[in-house]
Amino acid sequence: MSELSEDKQKDLALLVYVLQIIGFFIGLTWIAGVIINYIKRDEVQGTWVASHFEWQIKTFWVALIGAIIGWVTMFILIGFLILPLVAVWCIYRVVKGLLALNDRKELGTGYF
């Protein structure tokens, strides 16, 4: 296991946030981002950047589950409410994460 410098760790977290932003237009980049998170997760353990990796992973899985629930419930019209809420929640998480990354701050473990 190689150790990444703090700047490289931060750059990886930034890359994943960018992939998440692009994912609003090209959904597959969300998958690329979470793969990076899982592959590099051990190399950031014990650093402030680790909280960003956990934040990004949680954002991916909750968004995926929310999107599936939204699509499945479209026929009873609830999905039309769920999908925009999931999108707004994702935007919030990406923006909050980017701001914290820029300030070199750790993120909490909650959903907001």
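Colleague: Leaving aside neighbours within four places in sequence, which residues is Asn37 in contact with?

Modeller: This is a predicted model, in which local features need pLDDT of at least 70 and side-chain atom pairs count only at pLDDT 80 or more, while totals for chains, interfaces and linings use all residues. Residues are numbered from 1 along each chain as its sequence is written, and side-chain values use heavy atoms, with hydrogens and water left out. Contact means heavy atoms within 4.5 Å, and once its neighbours within four places in sequence are set aside, the contacts of Asn37 are Val16, Phe53, Gln56 and Ile57.

Colleague: With which side chain does the side chain of Asn37 make a polar contact?

Modeller: A polar contact is a pair of N or O atoms within 3.5 Å, where within protein one must be able to donate a hydrogen and the other to accept it, and residues adjacent in sequence count only if both atoms are side-chain atoms. For the side chain of Asn37, such a pair is found at 2.8 Å, and the partner is the side chain of Gln56.

Colleague: Is Asn37 buried or exposed?

Modeller: Relative accessible area decides this, with a 1.4 Å probe and protein chains only: under 20% is buried, over 50% is exposed, and in between is partly exposed. Asn37 has a relative accessible area of 1%, so Asn37 is buried.

Colleague: Which residues have the most contacts inside the largest nonpolar core?

Modeller: A nonpolar core is a set of buried Ala, Val, Leu, Ile, Met, Phe, Trp, Tyr and Cys residues joined through side-chain atoms within 4.5 Å. The largest one here has 25 residues, and those with the most contacts inside it are Tyr17, Val49, Phe53 and Cys90.

Colleague: Which helix gives the largest share of this core?

Modeller: Helices are DSSP runs of H or I with at least four residues, numbered from the N terminus. Helix H1 (6-22), helix H2 (28-44), H3 and H4 each supply at least two residues of this core. The largest share, eight residues, comes from H3.

Colleague: Why is H3 described as roughly antiparallel to H4?

Modeller: Axes are lines fitted to C-alpha atoms, for helices over the stretch in contact, and angles run from 0 to 180 degrees between N-to-C directions. Angles over 145 degrees count as roughly antiparallel, under 35 as roughly parallel, 65 to 115 as roughly perpendicular and the rest as oblique. The axes of helix H3 (residues 48-72) and helix H4 (residues 79-102) come within 9 Å, and their crossing angle is roughly 170°. H3 is therefore, relative to H4, roughly antiparallel.
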